[in-house]
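Thanks for coming, everyone. Please bring the structure up on the screen, and we'll walk through it.

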There are 2 protein chains.
Amino acid sequence: MKRPVGVGLLGCGTVGAGVASILQANGGRIAGRAGGPVELRKVAVRDVNKPREAAIPPGLLTGDPWAVVEDPEVDVVVELIGGVEPARELISEALRRGKPVVTANKEVLARHGAELLALAARHGAHLMFEGSVAGGIPIIKPLQECLAANRVQSIMGIINGTTNYVLTGMSRRGVDFETALREAQALGYAEADPSSDVEGYDAAFKIAILASLAFETAVRVEDVYCEGISRITPADIEYGRELGYTVKLLAIAREEEGRLDVRVHPTFIPDSHPLAAVSDVFNAIFVQGDAVGELMFYGRGAGGLPTGSAVVADIMEAARRLRRGGTGLAPGPRRDLPVKPVEETVSRFYVSLRVVDRPGVLAAIAGAFGRHGVSINSVIQKGRFEDPIDLVFVTHEVQEAHLRRALAEIDQLDVVRNIGNVIRVEGPDA
Amino acid sequence: MKRPVGVGLLGCGTVGAGVASILQANGGRIAGRAGGPVELRKVAVRDVNKPREAAIPPGLLTGDPWAVVEDPEVDVVVELIGGVEPARELISEALRRGKPVVTANKEVLARHGAELLALAARHGAHLMFEGSVAGGIPIIKPLQECLAANRVQSIMGIINGTTNYVLTGMSRRGVDFETALREAQALGYAEADPSSDVEGYDAAFKIAILASLAFETAVRVEDVYCEGISRITPADIEYGRELGYTVKLLAIAREEEGRLDVRVHPTFIPDSHPLAAVSDVFNAIFVQGDAVGELMFYGRGAGGLPTGSAVVADIMEAARRLRRGGTGLAPGPRRDLPVKPVEETVSRFYVSLRVVDRPGVLAAIAGAFGRHGVSINSVIQKGRFEDPIDLVFVTHEVQEAHLRRALAEIDQLDVVRNIGNVIRVEGPDA
């Protein structure tokens, strides 16, 4: 296929708008990696007259989703309507026409995934769904391909951002469930009717999808045991803390002697577990495989751009397959970017000095820093009435060359015995 | 290709042995996902008579690596020799013959990656190298495919397990660099000559590979600014702690106004950063993309089985491509695993009770737990001379049905006002 690959969107809410804006903003890069241009051709929405954020040419909008599926100019169908019907029928029809389908719809996959995958195989079309679980975090392809040589032993995931935000709020600020939920609602992290998230149903759909892939079986969402977080109290969280635990809504799937253990419930995990540090709306999936050992995938589990990132990656793979000739993956460097000399890079720095404990020392050193444009964020002085003492500085952001010049001057000061260590500091400049 | 896909190994050290054992242990699963059997055909080693761990039929061993590349029965060449020559020549010859090559050799890729990728493209063969960076952690394919719709803004990685182990030891136990290094050597986590790890060269090769992929350019390893960890002192670590920082050897790559900033050096990161919790020999790579936001990939960055997991995944992809007809990816469930009822699952439990503060209460409750086979790991009692008080138990592992029966009995006790919360506990049973 030499002409641009045409994309049709079914639905244009948050994720659809994300997809449209990524296709627009990164069109050049996407064409380079997909073997040619990828173009938006048609977008089905409920109300074509509603004002919308995404810059979609009005001529592309239609109120009829079937028009998208049937349009011969639409090569790849992207289903973002959500729910079971008419999503299932639309996906099925696209697959029957041999069109690859990309979906971020966890519910239709959790309820009809096996049937839709079989239909796709029969018609030689592909059904891709990286965006259906954990937003932009790559987890479907890693499970299908990167870990394909492993027998997966278990999956444990924080795959609902709303409940993680609520639990993080309860843990950090000691507020009760209702208060933390209202805060999440005020920030748009929880819906007006939060039950799908709070009761664990959303996570149940997602773990059904992940467990089906990892264990090569069809997990019915009705078989997933499910408990929500509404009964967790501040006292539980406090007792857990004393015991060294953090509470998370975990989705768990394990194979045990030919049976699956699949559940969603609040769980205490040791504070040292990598999942314990996953806060706010972040998601993370912890996978244990017989060869690879422990893996964790961490990132933003929702939102138009993160989920759009996963959807567009699937669209690009569909485009590469439609074009066949090679994988379309970058065969080598496309550009020739020069590397910046380290002296020109900008960092914050930790600087430790051994100095004489004498009035005016700090002023002398601070003066040298100041003359070279190095401003100081914090100072620690250790030892008193000793000689020498340690003086530790953390700078604000500064070009490395300036810091080096300041240090050369400081090294010459009488009061400075020696410069200890200089270590770069990452993280926001306070 | 209907016959089994033949694999030839160049080198059979730790990773080669891992590859051989994964192919053997998970052969059925691998055949199912690779569109047919994948078989080891020939293994080139330095000394064919040396006793080796991996169960490799002696008939497959050869002392001549060229015999592997040239063997018409070898469809996929796996290069695990390491270093530049003769690895580069062997890979080149295999690609010229149109054979896909899988390598875990960071040095040859960092020094000659662009040239080898171009050669692969000219001959329509594939060069795959998931195992070259961060062992079993999927990062190459996620960068090439899953994040292909993103403009990558930065990569920050802990991609050398030895130095992370040393820094973790220094941080946790306050020992100096030399002591922590000797401990790592005693455990086999550091080599007798540790300079390649400790001076950051190993990480420099890997970040050159990652930056080349993420920024679609050819980063020369000579251009990567590199500082090791040998100058870090316990005092630096202690001052960092007071400032809220953890020290890590980070490999960093960023695009800034048409130039690359690529470096490896010890870095202080805020304790709250997800990379700060990456301890011991674990690796993690933090990626920031314009659409996806922040992502992190975490796991074991070295070892025969983890790296073998990545190498075999690449072999399977090569096999699927050689067979073409479809992707060979599971088109749907292959098995029909039943889901275990939650009552039959085994967990540890946190149980909070509101009880009357009276002598004998603990004995009554503990007795009820005991009668149902629930053994107690820890108890917290809160409040004194109040009524009621909180009594919190954490159990050892127990089948859920047994716990429920115990709780039913406890709920009937006079001294128990009510059962508060029951929350499952993950993590090792102490």
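Which strands of chain B does helix 1 of chain B lie across? Helix 1 (residues 14–25) lies across strand 1 (5–10), strand 2 (38–44) and strand 4 of chain B. The helix runs at about 155 degrees to strand 2 of chain B. Axes here are lines fitted to C-alpha atoms, for helices over the stretch in contact, and angles run from 0 to 180 degrees between N-to-C directions. Helices (H or I, at least four residues) and strands (E, at least two) are DSSP runs, numbered from the N terminus.

Some ground rules. This is a predicted model: local features need pLDDT of at least 70, side-chain atom pairs count only at pLDDT 80 or more, and totals for chains, interfaces and linings use all residues. Residues are numbered from 1 along each chain as its sequence is written, while chains are lettered from A and ligands numbered from 1 in the order in which they are written.

Now the sheet in chain B. It is open, with six strands in the order 3-2-1-4-5-6 and parallel pairing. Strands pair if DSSP finds at least two bridges between them. Strand 3 (61–62) and strand 6 (127–128) of chain B are the edge strands, each pairing on one side only. Further in, strand 4 (residues 76–79) and strand 5 (residues 101–103) of chain B run parallel, joined by three bridges. There, B:V77 has B:V101 of strand 5 as its bridge partner.

On to chain A. Its domain assignment, automatic or from a database, gives domain 1 (5–134 + 305–323), domain 2 (140–300) and domain 3 (342–425). The C-alpha centres of domains 1 and 3 of chain A lie 56 Å apart.

Look at helix 12 (residues 304–323) of chain A. Of its 20 residues, 17 are buried, so the helix is largely enclosed by the rest of the structure. Buried means 20 or more other C-beta atoms, placed from the backbone, within 10 Å of the residue's own.

Last, the interface. In all, 108 residues of chain A are in contact with 108 residues of chain B. Contact means C-beta atoms, placed from the backbone, within 7 Å. On the chain A side, strand 10 (residues 259–270) gives the most, with 11 residues. Strand 10 of chain A also pairs with strand 17 (residues 416–425) of chain B, in the parallel sense, over two bridges. A:T267 stands opposite B:R424 in that strand 17.

Definitions and conventions. Two residues are in contact if their C-beta atoms, placed from the backbone, lie within 7 Å. A residue is buried if 20 or more other C-beta atoms lie within 10 Å of its own, exposed if 12 or fewer, and partly exposed in between; C-beta atoms are placed from the backbone.
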